[in-house]
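Open the model in your viewer and keep the selection panel at hand.

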Amino acid sequence: MRIEVPVICSQETFQHNPQYEIHKGERVPHLDSVERVLAIKRALKESGFANFKNIDVSSIDGMPWIRQVHDSAYLRFLQRASRRIRGLVPDEEVSPGEMRALYPQVFGYSSSCRSEESEAEIGLFAFDLYTPVMRHTFAVAVDSARCALAGAEILRRGEPYVYVLTRPPGHHAEKDKMGGYCYLNNDVIAAQYLIGNGAKRVAILDVDLHHGNGVQNLTYERGDIAYISLHGDPRFTFPYFSGYEDETGENAGQGTKHNFPLPKGTEEELYHETLKKALRKIAFYDPDYLIVAAGFDTHKDDPFQTFKLSTSYYWRLGKEIKRLKRRTLVLQEGGYNPEVLGESVVVFLRGLLGI
Ligand code: SP5
Ligand code: ZN
């Protein structure tokens with residue numbers, strides 16, 4: 001069967017290949033692997049997603065939208081740090097195993113940094129040790145955001161559903177900080193684009209295992225972007241500092257943010273009941289567009305081992321979202337077991353399309 005939903009991804013993502021992250025003081029393999037992308041692409045192709053396109057998004061001028069969301073000093077830092085790392089070793093002499101990567105070591109304890117060393121400055125612009133800056137980080141993060149913009153534009157022109165393989169992901173990225181494998185907030189950038197082109201209200205539904213602190217903080221005082229998230233309770237799940245039930249927005253944003261923290265070991269029935277409550281909030285908000293921050297790290301076989309959803313559950317998830325009857329932009333977030341990730345994405349999209 002041919003499935004005609006537009007699917008967008010970019011070859012540039014393969015240039016982003018972080019080797020390790022620092023977890024509990026140890027160097028461990030980085031979870032955001034390129035195998036994730038290969039697994040998703042393979043599953044989509046095998047399942048007949050005919051509109052699968054590696055589109056060249058390099059001609060999209062994403063920077064005006066990115067600048068509306070992120071701090072200019074942060075963007076300058078990302079660009080400069082990526083360029084400097086590239087300068088350390090010629091491209092051809094860097095093998096994947098010895099990829100040069102910059103991690104924070106001193107977290108900014110003052111509001112500005114007078115040292116121009118990248119090793120110092122990154123302390124102002126990172127909130128964890130999971131999110132290295134490498135030679136191609138800035139370029140690839142911009143490309144991922146451009147893919148999200150391309151998806152938003154296709155939606156705006158009337159397509160009901162678009163899937164975008166955004167990588168690096170976006171929902172943890174703050175106005176001026178990278179973290180949680182995210183550098184630029186693809187979700188808010190896409191929402192900003194839709195609003196800049198006439199939408200009155202955009203809702204972002206986040207079903208990644210982790211709370212999207214970046215989306216929430218970037219939109220906390222805005223009423224034109226709602227944020228509704230189901231996630232592992234931040235009392236024991238990354239990113240720890242946000243995602244609690246009493247965070248509901250401020251000023252114009254008051255009442256447009258809804259957090260549904262769930263316990264460790266959450267199974268399908270509890271998840272689904274909670275999902276229905278979350279979707280009622282969205283229906284009430286009545287958005288012009290829906291953006292789904294689609295993470296699959298809620299899978300029972302994901303390395304995070306927090307929720308217990310099976311691959312087939314993602315069909316129900318998609319089907320329930322479909323009932324909202326909104327034009328929907330699906331942006332890829334987490335999901336770290338390549339063995340189950342591809343099929344999970346396909347099953348979710350089938351549910352969303354009702355096939
Ligand atoms: C987009 C997204 O899903 N970001 C998640 C970032 C969470 N990183 C924090 C924890 C990393 C722990 N890594 C090793 C242990 C896995 N069992
Ligand atoms: Zn996640």
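Start with ligand 1 in this predicted model: the space that ligand 1 takes up is the largest pocket.

Next, select the shell around ligand 1. It holds 17 residues, and those that come nearest are Glu 21, Gly 180, Asp 297, Pro 303 and Tyr 336. By class, the shell residues split into 8 nonpolar, 6 polar and 3 charged.

Now show the polar contacts of ligand 1, one residue at a time.

- Select Asp 297: a polar atom of its side chain is 3.1 Å from an oxygen atom of ligand 1.
- Select His 172: an N or O atom in its side chain lies 3.3 Å from a nitrogen atom of ligand 1.
- Select Pro 303: here a backbone N or O atom is 3.3 Å from a nitrogen atom of ligand 1.

Go back to Asp 297 and move on to the zinc ion (ligand 2), which Asp 297 coordinates through OD.

Which arrangement do the 4 donor atoms around the zinc ion (ligand 2) form? The arrangement is tetrahedral, because the angles they subtend are 99 to 130 degrees. For comparison, the ideal angle for four tetrahedral donors at a metal is 109.5 degrees.

Technical notes
Residues are numbered from 1 along each chain as its sequence is written. Chains are lettered from A and ligands numbered from 1 in the order in which they are written. This is a predicted model: local features need pLDDT of at least 70, side-chain atom pairs count only at pLDDT 80 or more; totals for chains, interfaces and linings use all residues. Side-chain values use heavy atoms; hydrogens and water are left out. A residue is near a molecule or strand if one of its heavy atoms lies within 4 Å of it. A polar contact is a pair of N or O atoms within 3.5 Å; within protein, one must be able to donate a hydrogen and the other to accept it, and residues adjacent in sequence count only if both atoms are side-chain atoms. On a 1 Å grid over the protein atoms alone, a cavity is a set of points where a 1.4 Å probe fits but cannot get out, and a pocket is an open set with protein on both sides within 12 Å along at least five of seven lines; lining residues have an atom within 4 Å of a point. A molecule sits in a cavity or pocket if more than half of its atoms lie within 2 Å of its grid points. Ala, Val, Leu, Ile, Met, Phe, Trp, Tyr, Cys and Pro count as nonpolar, Asp, Glu, Lys and Arg as charged, and the others, Gly among them, as polar. Donors are N, O and S atoms within 2.8 Å of the metal (3.2 Å for Na, K and Ca); water is not among the atoms, so sites may look incomplete. Four donors count as tetrahedral if all angles lie between 85 and 135 degrees; four count as square planar and six as octahedral if opposite donors are over 155 degrees apart and all others between 65 and 115; anything else is irregular.
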